[in-house]
There are 2 protein chains.
Amino acid sequence: MTRTKARGYHHGDLREALVASGRKLLEEKGIRGFTLRECARRAEVSHAAPAHHFASMDDLLAELVRRGFAELTAAMTAEVQRVEDEPAARLVGLGVGYMAFAAANPTLFQLMFSREANRIELKEGDEGAEGVRRLQAAVVDEVLAHASGELRQRAADFAWASMHGFITLVLEGEIGGRDSSRALKTRGLAALAAMAETVVRLARS
Amino acid sequence: MTRTKARGYHHGDLREALVASGRKLLEEKGIRGFTLRECARRAEVSHAAPAHHFASMDDLLAELVRRGFAELTAAMTAEVQRVEDEPAARLVGLGVGYMAFAAANPTLFQLMFSREANRIELKEGDEGAEGVRRLQAAVVDEVLAHASGELRQRAADFAWASMHGFITLVLEGEIGGRDSSRALKTRGLAALAAMAETVVRLARS
DNA sequence: GTTTAATCTTGACGATGGAAAGAGGCCAAA
DNA sequence: TTTGGCCTCTTTCCATCGTCAAGATTAAAC
């Protein structure tokens, strides 16, 4: 951000610049419109320069996905920590953080959850969505502390599935049409409330 | 399928051949590995031949998506009609048909629900997921016949979201890991049961 | 049977991802 | 401070891609 021009032969921090321009490009042009050469162009560097920082285009995409998961986990954590109320409300907060990230980074979010269809393989040691899963399981367990492992798994499955499905359908315009704005928030909160109630109900069965 | 070789200058039914090879290719190579030239190659036709049947590669992809939605609707309808039981069971059946199609056509399914991220625009008059929505709303209304419009919408949102989210996470390996086979069916049915129960409970509130 | 229109092929263009080889500059060891 | 090595970046090249234009071939219409 600070450096503007008058750089020498070396860029200085090309790796970060590529990540930044790549992320913007992804949202601008979509998954299939993403181009390594355009990333290089925006970083004001020759088209072959990225090769010294990323083995391939898919390698850069994998890095974007990796950082996306880290951010998503952070967003959920922040939102949960703001809620000191009962566990059910914390479950809703979890979903709010999840949906807020997805709404702010729609294309990246879709890429993060269509790695199979896009043949994007994470690097060894990359946790992927594991952080999300752990955080979610922890909050679900606040409600189902003394339940069986199977029940807790079912509740976690269900909680993740319903919030993931809702925001996905919203991003596609299947829920709420084109205006994914205010009218949507009420429907989203209603869906999260129904999800939380269901988890609570599972705890009582 | 019937014609094997010895075709003349004209193919006979290139449009259908491209749809067929395209669909296979999509599952084989993934969304970003999809190539118009490879489709043509598999149909044993020159690389420029598809242009006479599809204006562009995206046009062919849009056609695959269109047919996917038609098939998905048909699969759901067939599964629902097999269930004559109570509405809640029919709701589960709906989800079974949905998930069965997605499991059998994972890449196409992901493409159908990431059109925004992949910049795939349907043609004018193409209903997209409208058939799915209508069918789903009808079955949900069997449970919520005498409820308010807003409540029925919330229930429909929630039902679709939870079954869509579950199968999506399964296809990505986030639920059930690599073996999306038997152990998964029990978890999938559990999720669908929880969804149906929630809808029924909404009817009583 | 002739004309017309649709279908398919060939060839070309610009853009892409990637590989190879060389130029430029940083930095540590002398 | 000089020098040698290594990392970074550029240039050039290649195969492949989607798309376009022009011509060849055949089916269909008249």
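Around DNA strand C lie 24 residues, of which A:R37, B:Y9, B:S46, B:H52 and B:H53 come nearest. The model is predicted. Nine of the residues on this surface are nonpolar, 11 are polar and four are charged. Helix α2 of chain A (residues 36-42) gives the most to the surface, with three residues.

| Residue | Protein atom | Atom of DNA strand C | Distance |
|---|---|---|---|
| A:L36 | polar backbone atom | phosphate oxygen | 2.7 Å |
| A:M57 | backbone N or O atom | phosphate oxygen | 3.0 Å |
| B:H52 | side-chain N or O atom | base nitrogen | 3.0 Å |

Chain A is assigned two domains: domain 1 (8-54) and domain 2 (64-203). Their contact takes 10 residues from domain 1 and 12 residues from domain 2. The domain centres, taken over C-alpha atoms, are 30 Å apart.

The two domains of chain A bury about 960 Å² between them, and carbon and sulfur atoms give 55% of that area. On the domain 1 side, A:R23, A:E27 and A:I31 supply 60% of the area buried against domain 2, more than any other three residues.

A:R23 also forms a salt bridge with A:E71, side chain to side chain, at 2.6 Å from N to O. The side of domain 1 that touches domain 2 has four nonpolar, two polar and four charged residues.

Definitions and conventions: Residues are numbered from 1 along each chain as its sequence is written. Chains are lettered from A and ligands numbered from 1 in the order in which they are written. This is a predicted model: local features need pLDDT of at least 70, side-chain atom pairs count only at pLDDT 80 or more; totals for chains, interfaces and linings use all residues. Side-chain values use heavy atoms; hydrogens and water are left out. A residue is near a molecule or strand if one of its heavy atoms lies within 4 Å of it. A polar contact is a pair of N or O atoms within 3.5 Å; within protein, one must be able to donate a hydrogen and the other to accept it, and residues adjacent in sequence count only if both atoms are side-chain atoms. Helices (H or I, at least four residues) and strands (E, at least two) are DSSP runs, numbered from the N terminus. Ala, Val, Leu, Ile, Met, Phe, Trp, Tyr, Cys and Pro count as nonpolar, Asp, Glu, Lys and Arg as charged, and the others, Gly among them, as polar. Domain bounds come from an automatic or database domain assignment. Contact means heavy atoms within 4.5 Å. Buried area is the accessible area (1.4 Å probe) that two parts lose on being put together, summed over both. A salt bridge is a side-chain nitrogen of Lys or Arg within 4 Å of a carboxyl oxygen of Asp or Glu.
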